[in-house]
Amino acid sequence: MSNLIIYYSRSGKTKLVSKIIQEEIGGTLVEIKDKTNRSGIFGYVKGALDAMLGSNTDIEPDYVDLTEYDTIYVGTPVWASKPAPAIMKLLEKCDFNDKNIITFATMGGSGGDTTVKAMNNIIKKNNGKILKSFSIITGDNSKIENLTKQAIND
């Protein structure tokens with residue numbers, strides 16, 4: 001069984017959770033990069049606004065070949081109770097036919113349920129099978145590892 005962990009991370013929290021998942025289950029890690037400048041306070045505000053409006057963005061890589069993977073984890077930060085535009089762009093392009101998908105969101109406080117629901121809707125539309133979803137509150141770095149391990153092993 002081959003695992004793939006795909007994620008987008010602006011602040012590094014989703015990247016941290018993704019690396020913990022990789023350490024626990026093994027597999028390939030793929031970072032999606034947003035070509036729009038999301039740095040600083042203006043990047044943060046623009047990101048939240050783009051997420052709320054469902055704005056499009058350019059990403060790198062612009063496509064991920066899923067054919068050799070059985071289980072795919074997809075992670076995003078929560079922006080205005082929605083997935084980051086970079087992950088939404090990738091999800092719209094992927095064919096998840098007969099793939100087992102686990103979605104996850106990282107957040108400072110709330111919005112995880114609506115975020116993973118939005119991701120799951122696109123994945124189902126693209127023929128993926130959602131195995132589970134979870135959200136991690138990343139405010140306390142000392143708890144992120146334990147929360148992640150608990151979420152993937154539940």
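Two strands pair if DSSP finds at least two bridges between them. The exercises below apply this to a predicted model.

**Exercise 1.** Determine which strands pair with strand 1, and in which sense.

*Solution.* Step 1. Strand 1 and strand 5 (residues 71–79) are joined by 5 bridges and run parallel. Within this pair, isoleucine 5 stands opposite tyrosine 73.
Step 2. Strand 2 (residues 28–31) also pairs with strand 1 in the parallel sense, over 4 bridges. Here tyrosine 7 has glutamate 31 of strand 2 as its bridge partner.
Step 3. From strand 1 the chain passes through helix 1 (residues 13–25) to strand 2, a β-α-β crossover that is right-handed.

**Exercise 2.** Decide how far strand 1 is enclosed, and where its side chains point.

*Solution.* Step 1. A residue is buried when its relative accessible area is under 20%.
Step 2. Strand 1 (residues 3–7) has 5 of its 5 residues buried, and therefore it is largely enclosed by the rest of the structure.
Step 3. In a regular strand, side chains alternate between the two faces of the sheet. In strand 1, Asn3, Ile5 and Tyr7 point one way, while Leu4 and Ile6 point the other way.

**Exercise 3.** Classify isoleucine 41 as buried or exposed, and describe its surroundings.

*Solution.* Step 1. Isoleucine 41 belongs to helix 2 (residues 40–53).
Step 2. Its relative accessibility is 57%. Exposed means over 50%, so isoleucine 41 counts as exposed.
Step 3. Together with Phe42, Tyr44 and Val45, Ile41 makes a nonpolar surface patch of about 500 Å².

Note on methods:
Residues numbered from 1 in each chain as written. Predicted model: local features only at pLDDT ≥ 70, side-chain atom pairs only at ≥ 80, totals over all residues. Heavy atoms only, no water. Patch = residues over 30% accessible without salt bridge, like charges linked within 9 Å, V, L, I, M, F, W, Y side chains within 5 Å. Areas by Shrake-Rupley, 256 points an atom, 1.4 Å probe, with all protein chains shown as cover. Salt bridge = Lys/Arg side-chain N within 4 Å of Asp/Glu carboxyl O. Helix = DSSP H or I, 4+ residues; strand = E, 2+ residues; numbered from the N terminus. Buried < 20%, exposed > 50% of the residue type's maximum accessible area, 1.4 Å probe, protein only. Right-handed = clockwise from strand over helix to strand, strands pointing away.
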